[in-house]
Amino acid sequence: MGDGGQRRRWEYWCVALRFSLLLCFVEQVSAQIRYSIPEEVKEGSVVGNVAKDLGLDVSTLLERRFRIVSGSKDALFQVNQNNGVLYVHKNVDREELCDGNSACLINLKIVVENPLEIHYVGVEVTDVNDNSPSFPEKEQQFDIAEHTSVGTRFQIHAARDPDVGKNSIWAYKVTSNDHFEIDVRQSDEDKIPFLVLKKSLDREKQMKHTLLLTALDGGNPQRSGTLNVTIVVLDSNDNRPVFSQDTYNVRIQENVGVGTVVITVNATDADEGSNSEVEFSLGKTLRRKVYDMFELDRLTGDIRVKGEVDFEDTEVYKLDVQASDKGQPPLTVECRVIIKIIDINDNEPDIEVTSLSNLVSEDSKPGTVISLISVSDKDSGINGKVLCSLLGDVPFELKPSFQDNMYSLVTKQRLDREFVSHYDITITATDCGQPPLSTFNILSIQISDVNDNSPEFSQNPLELYLVENNAPGASIFSVIASDKDLNENAAISYHTIRGEGTQIDMTSFLNINSDDGLVSALKSFDFETLKTFQFQVVATDSGTPSLSSNVTINVFILDQNDNAPVILYPVSANGSTEGVEEIPHNVNAGHLVTKVRAYDADIGYNGWLLFSLQEVTDHSLFALDRYTGQIRTLRSFTETDEAEHKLVILVKDNGNVSLSATGTVIINVVEPKEAFAASDVKSAVKDEEENSVTFYLIITLGSVSALFIISIIVLIVMQCSKAPDDSSKYLQDVNYDGTLCHSIQYRSGDKRYMLVGPRMSIGSTIVPGSNGNTLVLPDHRRSASGEVSYVHA
């Protein structure tokens, strides 16, 4: 408890103690004085002289603090300290002070001090007739059936009067009439009025009776209050409600909004009052879906949408509606409401695909059935009619079935997996509603492979340039073919067959790996023996049946410097490379002494021979032509010159690693006559030797030329289908100018090559290479070329 509560508690104790002491020392306490005044007297009216009635000295009232100590703040009474009179301070309303009490007494406590005295004064407030009787309502209505029995009592609202005694309710009276009278029943202090039927009512004669009930009090003057009483004569419930139609038919669109009024049923009743008031309700035996979908206003008869109306769920709803009046007992009648739902295009078509197989062989004939397509639409009529089609340019089409909305997906043309291996077919279904609705379905079709493609080589024929003296068993070439098919249909194996159009069968000296096409030579090839040959490789796939293709491979053997020069002259009878020449003493400078002849089986740089003096007696006397091998005098002979000169000739080819041979020429300087005689003898011998050498040389050259001519003919036949720029041409030239020379020309792409001997054509360019004997000839023509391969052993 706070400080304020403690303080208040001490104050109460002090006051109590103080009053206790005062009571102990009070010399005189007067008896209670009682006054009586009527209510509603004017303010200031004198109630009584309390000081006089109490025997107090009026002159000492002020000093003794004469006052009223009881009562509320709004004190109804006050005392005058000058004369001791008790008077009315505020308006006194008995009904407000003592509501419901017959006696209304107000007790006052008056105190004087020195000595302290307490006097009790009672003021009785008497009632005056200042209130009129009043009813709680101005009007009261009774609904009485026309067949109500005579003597039936109907309680009327009792009137109220705040006054008491004779000023309160004294009597009731009603206006004069033939059917009703008033009977009052006393209940404690209240008088309760009853309206009593004294004569039967007839609604057909009079539907309504109006009475005025008056309540009177016993005051003087007498006051009164009135109540209007209305009696409505009710009709007997002898008529059933009647619907305007026995059956109501209505059509609504599906998907109408919730709360939409579908129809209003109407029923009337010929009776009056509650007997003619109709309430509507749905039958109790309808399907549950009806109650979920519709609701009925029991007063207005409005049937409203309650749920989502869907034509595809239910097309027709049948409702039994009851109309009941409020009579006792109520009478009921029924009617039927048939609600038909109108379809709208609110459902997309549905596509159902039954695939026979998602894998279609590429050799399927046109018209092969791939899938069965079924389309449906939950809507009806034109909204449910569906058109089906394919999107895009695909080798398939839809064929309608004898059943509606059934289609077959078939091939309309040949398929080619190598061109297109997969199809995503978009099937579109569109209904005929407004607006039309569409849906689509994607069907994936994989095209399976059949063995309809042969292996292919990138080029045909192929050209292989193989350096002679290759290592036996080493790979020399790789053949690669491709197949557009898949899996085993594209698994390729290789084997060789004899080349067509050639008399040389080299396949027995070749081996090919059946898996990767790697070609190996089983022997070492010699350019001087074999310069060109061809063979064929067959590539076969593993399909059923298998397919194959051939490629022709032209092999050109490239020369290596593997042959040393052979000196044809000088050659002695015993086979040694040594000869003796005699020349007159008087020859001039530039005289041809003799010519050294040599031959190299190689070609190009490898067969290009150069001559040089390895050893000479007198460098100032003889000279050797580097290219022709001619020995000529540089000056005339003198007396001091020796009669015999020895020249050692070195013949060397131009290979990367050059090979050489040497020959010796002994020149004897003789007198002119001896020289002529010796010349005639030597000439005869020499002619015989030269004839023999020439014979063998012609045979050798003829064989070589024949071999090259055959090779050229074969190559021309092989290349006849190609453009002139793509063909390889081979020429063979034999020059006898001291050295047997060979040259082979061929073309590959936009370049022309020549394998040459010691004599080069003007404008040729030497292209050093591993074989060291190739020339590139200028050629501005360009064409597609065959594949050319160089292989060095």
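Hello everyone, and thanks for coming. Please keep in mind throughout that we are looking at a predicted model.

Let me start with the overall picture. The chain has 793 residues, and 43% of them are buried. Its secondary structure comes to five helices and 55 strands. If you take the contacts in the chain with a separation of 6 or more, 66% of them join residues 24 or more positions apart.

Now, to the inside. Which residues touch the most other members of the largest nonpolar core? They are F294, I303, L319, V321, V337 and I339, in a core of 28 residues. Several elements give two or more residues to this core, among them helix α4 (288-293) and the strands β20 (294-296), β22 (316-325) and β23 (332-342). Leaving aside residues up to four places away in sequence, I339 touches V250, I252, V262, F294, E315, V316, Y317 and L319.

Next, the aromatic rings. Searching the whole structure gives ten aromatic pairs. Let me show you one, F396 with Y423. Their ring centres are 5.4 Å apart and the planes meet at 85 degrees, so this pair is edge-to-face. What does the pair tie together? F396 belongs to strand β28 (residues 396-400) and Y423 to strand β30 (residues 422-431), so the contact joins parts that are 27 residues apart in sequence. Both partners are covered: F396 is buried at 2% relative accessible area, and Y423 is buried too, at 12%. Elsewhere, F525, F533 and F535 are linked into a cluster by ring pairs.

The charged end of R153 sits over the ring of F194, 4.5 Å from the ring centre. K531, for its part, lies over the face of F527, at 4.5 Å from that ring's centre.

Two cysteines to look at are C335, which is buried at 4% relative accessibility, and C388, which is buried at 14%.

Finally, some backbone details. As a reminder, most peptide bonds are trans, and most residues other than glycine have a negative phi. Against that background, the bond from N114 to P115 is cis, with omega near -5 degrees. P115 is placed in the loop between β6 (105-112) and β7 (117-126). The bond from Q434 to P435 is cis as well, again with omega near -5 degrees, and P435 is in the loop between β30 and β31 (438-448).

Then there are two asparagines with a positive phi. N255 has a phi of about 70 degrees and lies in the loop between β16 and β17. N405 has a phi of about 60 degrees and lies in the loop between β28 and β29 (406-411). Are they buried, partly exposed or exposed? N255 is partly exposed at 35% relative accessible area, and N405 is partly exposed at 26%.

That's my tour, and I'm happy to take questions.

Terms used
Residues numbered from 1 in each chain as written. Predicted model: local features only at pLDDT ≥ 70, side-chain atom pairs only at ≥ 80, totals over all residues. Heavy atoms only, no water. Phe/Tyr/Trp six-rings, centres within 6.5 Å; stacked < 30°, edge-to-face > 60°. Helix = DSSP H or I, 4+ residues; strand = E, 2+ residues; numbered from the N terminus. Buried < 20%, exposed > 50% of the residue type's maximum accessible area, 1.4 Å probe, protein only. Lys NZ or Arg CZ within 6 Å of the ring centre and 35° of its normal. Core = buried A, V, L, I, M, F, W, Y, C linked by side-chain atoms within 4.5 Å. Contact = heavy atoms within 4.5 Å.
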